[in-house]
Structure formats: structure tokens, C-alpha cells
Amino acid sequence: MFPALETELKPETLPDPYEDFIHHHLQYYGYFKAQKSSLPNSGTHQRVWRNSPRYMLNGSFGERDDFISDSLEKEMLLWPTCLSSTGHAHIDAVNRDSLLLSSPLLRTRQLIFDELDEASPRLREPRELFSCFSSRGPLQAPRWPIECEVIKENIHHIEWVPHQPEYFYQPTGSEKVPEIVGEEQGTVVYQLDSVPAEGTYFTSSRIGGKRGTIKELAVTLQGPDDNTLLFESRFESGNLQKAVRVGIYEYELTLRTDLYTDKHTQWFYFRVQNTRKDATYRFTIVNLLKPKSLYAVGMKPLMYSQLDATIYNIGWRREGREIKYYKNNVDDGQQPLYCLTWTTQFPHDQDTCFFAHFYPYTYTDLQCYLLSVANNPIQSQFCKLRALCRSLAGNTVYLLTITNPSRTPQEAAAKKAVVLSARVHPGESNSSWIMNGFLDFILSNSPDAQLLRDIFVFKVIPMLNPDGVIVGNYRCSLAGRDLNRHYKTVLKDSFPCIWYTKNMIKRLLEEREVLLYCDFHGHSRKNNIFLYGCHSNNRKHWLHERVFPLMLSKNAPDKFSFDSCNFKVQKCKEGTGRVVMWRMGIINSYTMESTFGGSTLGSKRDTHFTIEDLKSLGYHVCDTLLDFCDPDQTKYTQCLQELKELLQQEINKKLNNFGQDMDLEGNWSDIPLSDIESSTSGSDSSLSDGPPIRLLNIVADEPNQKTVLKN
């Protein structure tokens, strides 16, 4: 670019340590074949525009395209009209800063200069070894276990809110209970071949999953009159193991267990093609594991028609008649299985339709959302995106830090923190929609959102288990374990998402108070939305952990049920995020449970939740935070008084049930809350199932390791 300047400085040039390390690292792994001399000249790349939206993205994610390479600069001279204004400004900056280049100590991209070109350099934040997606490049493609076949088609669904409430199905009592006949009397029309099973464990991943040609698993149609449905589930978040045709329009479906396990069949999401309009089809899922389900009390499956979306702009809708949830008649000596059966009619001939347990929200959906935030010149000023860590498969776990810039260091230090996370259980996509609603509001220009950003630092992990989401698991990560039982873990390499989350919160607690922690979940056996918390035995904070849930129930009375909340800490829940964060000192530590069904409250009684309903809960969380922290403590005090009255009533009820009569005046508040509350037996939680599968042999071979591996 500047030959005379480069000649003059060449003898003094010092290598950039970071670039030197990366150069050797990439060469070692075979990703970089060029010579060092082909790397861009560091001396021309010092200038960084801190207010550039692109810099906000790339500075956050570790990728550096905020400089103009020598080759691009040559193209600029030939086609100056093709260069962006940022590029022109950069060349001007190099001319202005040319005197600074005379010092070899400044020949590095690790220095940042202020907006006025003053020579007051400072080190930029350390870069990630692996870059995330760029604002100008494609999204980071999901990484799959190498055993998984993945079709090349991109699956996309439109968002849509039904114009009318979608009411629960009302059982008649005469619903048919199909007898399961299996492939002995039926015809297998779809079956996954390469699926990691119990006894195996995750070893490696790649973009696109299994190498080689993707087999066509659906049957071959014998002609235009062949009305066999063509099934597919080898796409992001898809789950269907097998389909057996047992009648002209009847199919038995087997769900795939979570990878590397023999458990957790609940989430389903699959595609059917070659539909016939007006014919009544029956689908029966034959291997569900839970004895109780919301399908037994009126919940309907979701269906999506590609033609309806294209022609009428209609998206996912509740569909199904003759819905029945019942015990499978087949007894194979293993754990009992349960069936879900329903009938439906497709709206079009030759349509492509999808069925799902709940509104899907994939890893790619999240990345598209984050990309829009990063490219927004306003939102990117107060929302910093970072890679918290990499999952077992190498997918990025994203961390968002949301807060308005503070005027003084003292003001910044005084801010309290709020930590929110979602999708530790990958099949609970409702948690992602609540998180989506929260982000929509907190990143908006609403005065309330601006006030919240002024007084809080929000740490948000929108998808804790991207691997599980990608492969269509219901509950586990690729370690074959429920991550929400391993927050006490010391196995960073086996549970990186959880280990880094806990470590981030631990460091956050060292610098500021964390007012609230909330992990968003889904629930398959109870309607409405509710919280699980942790009761405090500290008299100073007695009942305080219940104030936020009570306030939330008042702000969202037709969705949130305070009566369904529970604050008992059970021993089997000690490894959950809620309990671990509470024991770390966060009084208001919660699990938010959102139903897969709908509401039994107020104006929404007996209706399914829509995407918009869940998003609105994200807004209500923000609204409740403002009430909770209002300098005028009137609402807070009123809620505390109401809680004391409710608790006194509950104690009286308990005593009456036991036939005891007791004057509670003066000593009723000394009764331990754990003696009053029932357990969270309605929780969808599972017991800890031990260390990751790949370490079980180590436990057997090394008895002295057992103590460590229990965590």
C-alpha cells in the first residue's frame, strides 16, 4: 500500500504473537496451506471504528473483517465505486496514522484507538480461537454427530397467530383405542438406519452429519394412484424413528430415543408428503414413556401445511380428532409404553405437511435472530454477543450481555444482574419462544425496556443445549445425560455448557449482586405457566422468594398460575440450575415451567397457547421486574402481606385435615415451610443418571475415580 513506508519499517517489524500462534495452529491441523507472507500486512490494519455495527458484531464474535486487505485495496483502485464508505474511511485513517506505524510495538491488530485518532491505544478483548458467524457471511452451519444422516433441504416455517382461539379437544369417551400390530402385520414405510443407540457414545461431529450419499428412506411410489405417505425426519430438530403402514390411511409411529440412551421419547417433529385431501388418516405413536400426558386432557398435536403457508399465509395450527392417550398393549418385559393416537384430514392433495409436539424453534432459528440483532445498529450498541463456550459437537453456546452504557464507573458497578437461560432440555421449545419474547421487549425502544437496561445487567443464554436441539432430543445432551442434573459437575469436558454457565455466574456474583436467576422450561403434564423456587429459612428473607411469582401471576392472570408454584427443595433436585444458583447466594432463583398445552385461567380458559402467548410471557417477566424493583415498595409490601395470609390459610387447612386445632396467633410463622408444601411431583424432572456414558468404563476400571465422576 505504502511501499516507501513498508521498506522503511521492514527491518524493525515484529511478528504479531496472536497471528504467529494462529498461523502455526492452522498449519498443524492442515487448515492453512499458504505462506506467512500471504497474510495481510498487520501494519495497515490498526484502525477500528468502535461505533460501527459491523465492529460490534465481529468484535463480539471474534471474527475480524473490519480491515481492508492489500488485495482488496488494489481492487479499490480499479473500482473505487464498489468500495463501501467504511473502506474509504479506513484508507484515510491509515494515512492519518502513518506516523504511528514507525513504532514496531504498534504493528499489531490487538490495539484499538479512540474515535478522534488520538494515540492512546488500548488492548482489545481477547479473540475467540474459532470465529462465529459474520454479519456479511453465512450462518454457522449446525454440527451433527458423524452417525447421523441429514437431508440437504432447508426446513423453514412461517410464524402465524390463529385468528380464533384454539380450544382443547373435549374427549367423548368413545374414542377408538387401536391395537398395536407392528411390522409383523404392517409394512415399514420409513425407518432410520444409522442412529446412535444405547451403549454407544458420542465421539465426533461434522457439518452435515454422516459422510457419503444420503439414502432415500421413504418407500418408492408405484404410480400416481399410490397413496402411501412419504415420511422424513432427518432435518434439524426432527424426530421420528419408524413408520409402519397398518391400514390404507393408518400408520403406527415409533419415536427415536435421545441419542446414546434408551429413554426420553416425547418430542416428535416429522414431515409427510403425498397427502390426499379429505381422507381421514390415523396416526398412533406407540412408544411414549410417560404414564400421564396433557394429551389425555385435551391437548392437540400441531400440524403445518406447506401449501396453506404459501397460499394463505397460515402457519402451525392445532389439529386432531379422536385423540386418545393410553397404555400400549404390547408387553416386552421392559418399562411400560404408552400410545398417543389421533385422526386428521389434510387440506390439500399432494401437499407437504409437518406434525410436531410443539412449535419448533431450531438452532438455526436462534442464529438468524441473533444475526438480526447484531446487524441492528441500535440494538448492537447495548447488546453484546459472545461465545460462552462450544458444545460437545462444537456448536456455539451464545451469551448475550444486555445493558445500557453507564455514565460513570460507580454507576456501572451499582447495577444488579439478572441471569436468564433456556433450552437446557432441547424438546422444550416453548422455553425458546418465551425467551424470544423477552429479547424482543428488552431490546426494544420502549421506555420500560430502556429503564430496565439502565438499572440491570442482563446475562442471557438463549440455548444451553444446542446439540440436543439440533438432533431432535427431548431431554439430554450428546453425553446421554440430563444437563439439568449436572450443575454441580466438575467434568468441564463432558458438560461444557453447564460448567461454563455456572462459572460465568460465579464470576458475576464476585462483581455484583445477582437479583434473579430464571431457567425457562416446558411441562408436559400440567397446564398454565408457573415457577419452582427455593424457600429460604433466613427470617430476614422469609417468603421473599415468593413475591416475584405472585407479582407475575397478577400481571399475567390468564396464563400464570401462582397456585401451581412450588418452593420445596428436594434432594433429587440438588443438581438443577435453580437449586445450585440458590445455594450460591441467589435468593430469587427459579425454574419457569411453561405448559405444552394451554391455559385453564381467566379469558384464555381451555385454549391452547400460541406463539404470541408465550412471547407475551417474556414481556410480563420484564414488567414484573419493574414492579419488583420499584423504589416505591407498596406493591412489594402488599404481596408479602398477601403471602402471609395465604400461608396461614394453608397451615389451617393442613391442620384441619389432620384433625388438629391450634391457635396460630404468634407462632404460626415458626412452622417450617417444608412441612407445609408438597413435593414438585408434577415436575417433568428426572433423577440424575450418573456420569456421561463414555466415562462409565473409567468408573469401572478406576475405582478411585468414582467420587469425582459422581459429579
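This is a predicted model: local features need pLDDT of at least 70, side-chain atom pairs count only at pLDDT 80 or more; totals for chains, interfaces and linings use all residues.

Me: What makes Glu-159 and Lys-615 a salt bridge?

Reply: The cut-off is 4 Å between a side-chain nitrogen of Lys or Arg and a carboxyl oxygen of Asp or Glu. Here the N to O value is 3.0 Å, so the pair qualifies.

Me: Why is Glu-159 called partly exposed, and why is Lys-615 called buried?

Reply: Buried means under 20% relative accessible area, and exposed means over 50%. Glu-159 has 48%, which lies in between, so it counts as partly exposed. Lys-615 has 13%, so it counts as buried.

Me: How do you know whether Arg-234 is buried or exposed?

Reply: Its relative accessibility is 5%, under the 20% cut-off, so Arg-234 is buried. Its salt-bridge partner is Glu-232, at 2.9 Å from N to O. Glu-232 has 4%, so it is buried too.

Me: Where else does Arg-234 turn up?

Reply: The largest cavity has about 160 Å³ of space. Among the residues closest to its centre is Arg-234, along with Cys-148, Glu-149, Leu-192 and Val-195.

Me: What makes Arg-317 and Asp-308 buried?

Reply: Arg-317 has 16% and Asp-308 has 6%. Both values are under 20%, so both residues are buried. They also belong to a network of salt bridges with Glu-319 and Arg-321.

How values were computed
Residues are numbered from 1 along each chain as its sequence is written. Side-chain values use heavy atoms; hydrogens and water are left out. On a 1 Å grid over the protein atoms alone, a cavity is a set of points where a 1.4 Å probe fits but cannot get out, and a pocket is an open set with protein on both sides within 12 Å along at least five of seven lines; lining residues have an atom within 4 Å of a point. Grid points are joined across faces, edges and corners, and a volume is the space filled by probe spheres set on the points. Buried means under 20% relative accessible area, exposed over 50%, partly exposed in between (1.4 Å probe, protein chains only).
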